[in-house]
Amino acid sequence: MNLSGQLDAAWAASVWAERVTLFAQRDVEMSAVTGVDSAGLALLVTWAKSGDLPLHLVGAPAQLLRLMALYGVESLFSLTHAA
């Protein structure tokens, strides 16, 4: 699964109806993500909690990493730096 652009409230609302299909994916490429706000993080947290394995994020932007640390949700994710 590749994500790009802004992961914000508008993005979360636009993908919510397709969450069953979305949440079935456990590997997420994020190198093209340009920004994340708390609504985007909330959807990612819900996504991570929907499965038995951590949600694997590749190339997560620094802004997301800061939000994850601020809210103490790092353990829900596995992280890989972009190649």
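Trp 11 counts as buried, since its relative accessibility is 11%; buried means under 20% relative accessible area, exposed over 50%, and partly exposed in between, with a 1.4 Å probe and protein chains only. The model is predicted, so local features need pLDDT of at least 70 and side-chain atom pairs count only at pLDDT 80 or more, whereas totals for chains, interfaces and linings use all residues. Residues are numbered from 1 along each chain as its sequence is written, and side-chain values use heavy atoms, with hydrogens and water left out.

The overall architecture comes next. The protein chain has four helices and four strands, where helices (H or I, at least four residues) and strands (E, at least two) are DSSP runs numbered from the N terminus. Along the sequence, these elements follow the pattern β-α-α-β-α-β-α-β. The C-alpha trace of the protein chain spans about 30 × 25 × 25 Å along its principal axes. A compact globule of 83 residues would have a radius of gyration near 12 Å, and the 11 Å of the protein chain agrees with this; the radius is taken over C-alpha atoms, and the globule rule is 2.2 Å times the number of residues to the power 0.38.

Of the 83 residues, 39% count as buried. The protein chain exposes about 4700 Å², of which carbon and sulfur atoms supply 57%; this area comes from the Shrake-Rupley method with a 1.4 Å probe. Among contacts (heavy atoms within 4.5 Å) with a separation of 6 or more, residues 24 or more positions apart account for 68%.

Individual positions give this picture more detail. Leu 7 is found in strand S1, residues 2-7, and is buried, with a relative accessible area of 0%. Neighbours within four places in sequence aside, Leu 7 is in contact with Met 30, Val 33, Gly 35, Val 36, Asp 37, Gly 40 and Leu 44. Leu 7 and Pro 61 are 54 residues apart in sequence, and their C-alpha atoms are 11 Å apart in space.

Trp 11 lies in helix H1, residues 9-15. Residues up to four places away not being counted, Trp 11 touches Leu 3, Gln 6, Gly 40, Leu 43 and Leu 44. The C-alpha atoms of Trp 11 and Ala 60, which are 49 residues apart along the chain, are separated by 16 Å.

Phe 23 belongs to helix H2 and counts as buried at 12% relative accessibility. Beyond residues up to four places away in sequence, Phe 23 touches Trp 16, Leu 43, Thr 46, Trp 47 and Ser 50. Ala 24, by contrast, is exposed, with a relative accessible area of 57%. The place of Ala 24 is in the loop between helix H2 (19-23) and strand S2 (27-36). A C-alpha separation of 8.7 Å is found between Ala 24 and Trp 47, which are 23 residues apart along the chain.

Two packed helices are described by the angle between their axes and the distance between the axes. Helix H3 (residues 38-49) and helix H4 (residues 62-71) pack at an angle of about 70°, with their axes 10 Å apart. Axes are lines fitted to C-alpha atoms, for helices over the stretch in contact, and angles run from 0 to 180 degrees between N-to-C directions. H3 and H4 are therefore roughly perpendicular to each other, the term covering angles of 65 to 115 degrees, while angles under 35 count as roughly parallel, over 145 as roughly antiparallel and the rest as oblique.

At this contact, Ser 38, Leu 41 and Leu 44 in H3 meet Leu 64, Leu 67, Met 68 and Tyr 71 in H4. By class, the contact has six nonpolar residues, one polar residue and no charged residues. Here Ala, Val, Leu, Ile, Met, Phe, Trp, Tyr, Cys and Pro count as nonpolar, Asp, Glu, Lys and Arg as charged, and the others, Gly among them, as polar.
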